[in-house]
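Have a look at the structure first, and then we'll go through it piece by piece.

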Amino acid sequence: MVNFDNSYARLPEIFFERIKPAPVKDTNLIRLNWALAQELGLDLKSRSDQDLADIFSGNSLLPGSEPIAMAYAGHQFGNFVPHLGDGRAILLGEVIDRNGKRRDIQLKGSGQTRFSRSGDGKAALGPVIREFILSEAMHAMGVPTTRSLAAVMTGETVLRERELPGAILTRVASSHIRIGTFEFFAARENWEGVKRLADYVIDRHYPKAQLSQRPYISLYESVIEAQAHLIAKWMSIGFIHGVMNTDNMTVSGETIDYGPCAFMDEYNPATVYSSIDHSGRYAFGNQAVIAQWNLRIFGASLYRLLGPDEKRAAEIINEQCSLFLDKFNLFWNHEMARKLGLAECQKQAVTLVQDYLELMHRHDADFTLSFRYLSDAIEERADLRNLERLFANDSDLHQWLRRWRELLTIDGRPFSEIRHNMRAVNPGYIPRNHRVQQSIEAAIDCGDFSKMNLLLEILERPYEDQPENGEYMLPPKSEEHVLQTFCGT
Ligand code: AMP
Ligand code: MG
């Protein structure tokens with residue numbers, strides 16, 4: 001029924017702990033992502049909901065599964081922690097999907113492991129719902145991300161700031177290897193382990209590096225490129241990860257570990273949602289610099305493989321990290337030019353983007369709608385009421401629009417085409433924090449999952465007009481504002 005093909009479990013034992021998911025009490029399926037199950041080639045159609053709940057809670061282990069908890073370390077808020085690892089997650093195994101891609105299937109919230117430290121190994125319902133919604137919305141917007149295959153109630157209570165219903169998320173990733181996985185071996189001066197892992201990652205994610213004369217530098221470069229692309233994507237849609245610790249950054253370039261993350265409503269680069277981020281380390285506008293910081297740590301873990309000696313390795317790390325910012329800026333400018341409907345990212349486009357962001361900041365304008373409504377403002381005689389409302393009818397807006405239209409005219413494409421292209425990159429529907437919160441509260445307080453399900457359905461089509469769901473486009477009213485999100489660990 002599931003054709004596992006487990007490669008990570010073939011690595012030396014120091015890479016993981018072999019451990020089975022803890023049985024849970026009373027399983028109940030919340031949601032199964034059928035489209036993803038199909039993509040993975042999982043044959044689940046004949047299974048009852050109870051069967052599915054047992055499978056995706058870990059109560060019944062699928063044949064071929066070789067459950068392991070992965071070892072990793074990481075820098076958390078800048079401080080090194082040598083011993084992290086899957087403290088509440090268990091990798092069931094890997095499958096080759098319909099496109100020939102290797103994918104991990106992992107349970108999150110499935111009990112204690114060697115890496116749990118003082119944690120209970122469990123997950124509360126709220127964070128499971130949040131991750132499900134956010135990751136699937138990100139996927140629908142074309143952002144590389146881990147996916148959510150299933151969510152199950154466990155019938156247990158977990159103790160957080162209060163007693164909460166327990167749940168388990170089944171997460172799918174192109175792999176769960178993190179920068180922190182490399183740090184785990186480097187911190188133990190286990191250079192053989194670093195090399196083994198690097199070879200594994202090259203083989204699994206960056207096979208072209210094998211052809212390079214310097215495969216490990218090529219690996220480093222590839223991760224840098226993937227992350228530059230990822231962070232530019234995040235920022236182009238107003239996403240704030242919230243906890244960009246090195247253990248929450250994949251080498252594949254997929255978004256991972258949706259904890260206290262959120263989409264920004266009104267534009268402000270200093271926006272922070274995480275309740276534990278007191279200094280604003282992981283604020284919206286800091287994300288590129290933090291990614292660069294993390295990639296420096298990645299380089300340092302690889303240094304033995306990068307150059308003949310420490311000095312040369314340090315030079316390579318510096319070069320690559322400075323290239324990261326160049327690449328990020330290229331991707332960011334490209335994404336933002338597309339958001340403005342411009343084919344080429346000329347210098348004027350960069351200035352135009354900066355000026356628009358500044359205008360948004362000055363008016364606390366909603367990030368998502370400022371771009372979405374722009375596609376209705378291409379023609380001079382357009383109805384600008386929606387846009388004007390966001391900017392308090394500032395004359396600067398009109399001046400900006402004139403400059404923008406001039407550039408569009410130079411571009412010379414038909415308005416209808418520009419509008420079409422803009423609407424395909426500027427979502428109308430994002431997982432707004434207050435909507436996510438409402439879905440979570442309905443589930444916890446009333447056992448009502450209809451809000452979660454509706455939100456997920458809306459977010460599958462982020463670029464479409466959905467007049468019946470128009471209110472889901474809107475930012476929160478003042479009483480609906482959610483200022484912080486919590487890890488839920
Ligand atoms: P996070 O902040 O969620 O990325 O997790 C950081 C570390 O804490 C990882 O090693 C997790 O496995 C571990 N962890 C988080 N929550 C729990 C939990 N409830 N029980 C055990 N370990 C946990
Ligand atoms: Mg994590």
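A residue counts as buried when its relative accessible area is under 20%, and as exposed when that value is over 50%. Keep in mind that this is a predicted model.

Let's start with the cysteines. Cys321 has a relative accessibility of 1%, so it counts as buried. Cys446 is at 62%, so that one counts as exposed. As for disulfides, searching the whole structure turns up zero.

Now for ligand 1. It has 18 residues around it, and the closest are Gly85, Gly87, Arg88, Gly121 and Asn248. What kinds of residues make up this shell? Sorted by type, there are two nonpolar, eight polar and eight charged ones. The shell also takes at least three residues from each of two domains, domain 1 (8-176) and domain 2 (180-337).

Here are some of the N and O pairs between protein and ligand 1:

| Residue | Protein atom | Atom of ligand 1 | Distance |
|---|---|---|---|
| Gly85 | backbone N or O | oxygen | 2.6 Å |
| Lys122 | backbone N or O | nitrogen | 3.3 Å |
| Asn248 | polar side-chain atom | oxygen | 3.0 Å |

How much of ligand 1 does the protein cover? On its own, ligand 1 has 480 Å² of accessible area, and the protein covers 87% of that.

Asn248 turns up again at the metal. Which residues coordinate the magnesium ion, ligand 2? They are Asn248, through OD1, and Asp257, through OD, at 1.9 to 2.1 Å. Are these two buried or exposed? Asn248 has a relative accessible area of 13%, so it is buried. Asp257 is buried too, with a value of 15%.

Definitions and conventions:
Residues are numbered from 1 along each chain as its sequence is written. Chains are lettered from A and ligands numbered from 1 in the order in which they are written. This is a predicted model: local features need pLDDT of at least 70, side-chain atom pairs count only at pLDDT 80 or more; totals for chains, interfaces and linings use all residues. Side-chain values use heavy atoms; hydrogens and water are left out. A residue is near a molecule or strand if one of its heavy atoms lies within 4 Å of it. A polar contact is a pair of N or O atoms within 3.5 Å; within protein, one must be able to donate a hydrogen and the other to accept it, and residues adjacent in sequence count only if both atoms are side-chain atoms. Accessible areas come from the Shrake-Rupley method with a 1.4 Å probe; for residues, only the protein chains shown count as cover. Ala, Val, Leu, Ile, Met, Phe, Trp, Tyr, Cys and Pro count as nonpolar, Asp, Glu, Lys and Arg as charged, and the others, Gly among them, as polar. Domain bounds come from an automatic or database domain assignment. A disulfide is a pair of cysteine sulfur atoms within 2.5 Å. Buried means under 20% relative accessible area, exposed over 50%, partly exposed in between (1.4 Å probe, protein chains only). Donors are N, O and S atoms within 2.8 Å of the metal (3.2 Å for Na, K and Ca); water is not among the atoms, so sites may look incomplete.
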